[in-house]
Amino acid sequence: MAIIKAVRGTRDLLPRDTTLWNHVEATARSVFARYGFGEIRTPLFEATELFARSVGEETDIVSKEMYTWEDRGRAESDRGQSLTLRPENTAGVVRAYIEHGMAESGMLEKLFYIGPQFRRERPQRGRYRQFWQIGAEVLGPPWSGSDSALRDAEVLEMLATLLDELGVKGWRLALNSVGSAEDRQRYSAALREALAPVKHLMCEDNQRRAETNPLRVLDSKDPNDQKVIDDLPKIADFLDEDSRTHFEQVKAALEACGVPYTVDPRLVRGLDYYTRTTFEFTVPDGSGLGTQNALLGGGRYDGLSEMLGGPRAPGIGFAIGEDRLILTLQAQAEEREQKKLDAFIAPMGVAQNPGALKLAQDLRRGGLTVEVGDGNFRLKKSFEAADKLARRMVIFGEDEASSGVLTVKDFAKGEQTKVPQAELVAALKLQSQEGSDQPPKRSNLDLLIEAGVISSDYSTEQDSKVLEKLSSTEVESLIRIHNTLKTEKNFSDRRLGLEINL
Ligand code: AMP
C-alpha cells in the first residue's frame, strides 16, 4: 500500500533538528525579555476578513496564497463564515490588542510571538507552505511614544543583538521609508503613471501589479524588468517633512548604537499596512538559503489598528523566518567546520616532541596551518584534539621518525594514508585544495535544478536530503539520461531524477 507522506511544502522536524530550533527560540526569548517584551499566542486561524483588510486584497498573500475555507455553522447560533490559516501574525496580534482593550492602559505594549504561518507558495529551499516566524510588535497610543523613531531604532538594534548572539555571520540591514499613508498614495499614483507607457516591456506578473499594486513591482526580482524598475520614481522624493525627519531620526539612533545599515530606496514591502520605516535583514549568498536570502522583514504600521476598527495605535514590528534562520546557522556552521586547520601533528611519545615541532615548522613555513600535540598525550586525547581543531592528523611515532614515512589521517574522508616526509607539504596542500580552499561545493540539488532535471518549484527538503547522498557520477548520469530522454521523446518529468533512482 502506498505510504502517506507529509503534504508538499510541509516537513517534520525530528529530534536532530529540534535541538537547534529550541536553542534559537530560547535565545530569542532571552533577548526579547531584556528589551521588555512579553509573549502573545494568537489562534492559528482567523476570520478571512482580518487579512483582507490589513495585509490587503491586492497582495500576493491574500490574492493567491491563503488557505481559506468556508466553515459550516453547526447550529443556528453558530453561523458559517470564511476562515483562513494565518499567513502572518501581525494582523492577529493587532486584532488581539484591540479586542482586549490593551490601548486603555495608555502604555506601550511590547509583544512577541513564535509560531507557524501558512502560505500556499511554490515550495523550494527556504520557502515552505507551513513555516515558522519569530516576530515582535511594539504598539500603543501615540502618547505612549509608539510613533517615535526611537522605537524603530530599538527594534532594529534588538534584531542586530539577536542575530549576533545567535552567531549569524555577514547579515545586512536594508532600510527605507515608505512615508505616511498619504505619501504612499501619492507615490503609488506616480508609479502607476510612470508604469503605464512601459509596463508592456515587463513580465506578466509585473504588468498586473502595475495596475493593482504598483509598489509590488519594485520588489520584483525578474532580471529583465530591472532596467524599467531602475528608472521609476523614488519614494524618497514623495516623503512629507514629518516622514523625512522621522527617517533621519531612525538613522541617527542606529548610528549612535553602531548598527550598520544601507538605505535601499526600492525596499517598499508589498503589504498594505506599512508606513514610514521598512526594513529587511539578508544574509550573503552561500548561507544556505539559495535565492531566498531574506532572513526577516518588518516595518512600521501606524494606521493598522484603525484599519481593523481599533483606536489609533501606531506600531512597528518584524517577523524572522525561523526556518531560514536555522538553514543559515547550519550552513554557516558547516563553513566554519571547513575552516579547520590543515593538520594536527601528534607525537606518539615525549621523545618525538622535538621532531614533531621541527615537522610543524616545515609545514608552517610551507604555508600550512598547523597545531602540534604533546607526546604526553594518550592517543585518544591527541585524536580528540585533532578532530576538533584540524581536518587531518599526522601521526609522528618512533617508526615514522626513523622511516621518514608519516601516517596521515583525513577525518572527513575517514582515510589513512602513508606519505613520505619530504612530500608532506605538497600532499597536504593538494588535499586542502580539494577541500575548503575551493569554492563551496555545489549541492546536488542545485546541479540538478540547473540542468533542468528537477524544477526548483517542486524541490523539497526531503528531495534535497535524498539527492545529497548521490555521488557526483550518479548526478552526472542523471543529467545525461535526462538530456537524452528530453531530446529523444520530448520527455519532461519534473521528478525524473527521483523516480529513476530512488
Ligand atoms: P513577510 O511576513 O512576508 O514579511 O516575511 C517575513 C519573513 O518570513 C521573511 O523574510 C522570510 O524569512 C520568512 N518567510 C516568508 N514566507 C516564507 C515561506 N513561505 N517559507 C519560509 N519562510 C518564509
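Predicted model: local features only at pLDDT ≥ 70, side-chain atom pairs only at ≥ 80, totals over all residues.
Modeller: Residues are numbered from 1 along each chain as its sequence is written, and side-chain values use heavy atoms, with hydrogens and water left out.

Biologist: Which residue has a side-chain N or O atom 2.8 Å from an oxygen atom of the ligand?

Modeller: A polar contact here is a pair of N or O atoms within 3.5 Å. A polar backbone atom of Y128 is 2.8 Å from a nitrogen atom of the ligand, and a backbone N or O atom of G321 lies 3.4 Å from a ligand oxygen. The side chain that places an N or O atom 2.8 Å from an oxygen of the ligand belongs to R119.

Biologist: How much of the ligand's exposed area does the protein bury?

Modeller: Accessible areas come from the Shrake-Rupley method with a 1.4 Å probe. Taken alone, the ligand exposes 480 Å². Of that area, the protein buries 91%.

Biologist: Which strand gives the most residues to the shell around the ligand?

Modeller: Strands are DSSP runs of E, at least two residues long, numbered from the N terminus. At least two shell residues come from each of β6 (130-139), β10 (294-300) and β11 (315-321). The strand that gives the most, with 4 residues, is β10.

Biologist: At roughly what angle do the axes of helices α5 and α10 cross?

Modeller: Helices are DSSP runs of H or I with at least four residues, and axes are lines fitted to C-alpha atoms over the stretch in contact, with angles from 0 to 180 degrees between N-to-C directions. The axes of α5 (residues 149-166) and α10 (residues 241-257) come within 8 Å and cross at roughly 40 degrees.

Notes: Polar contact = N/O pair within 3.5 Å; in protein donor to acceptor, adjacent residues only side chain to side chain.
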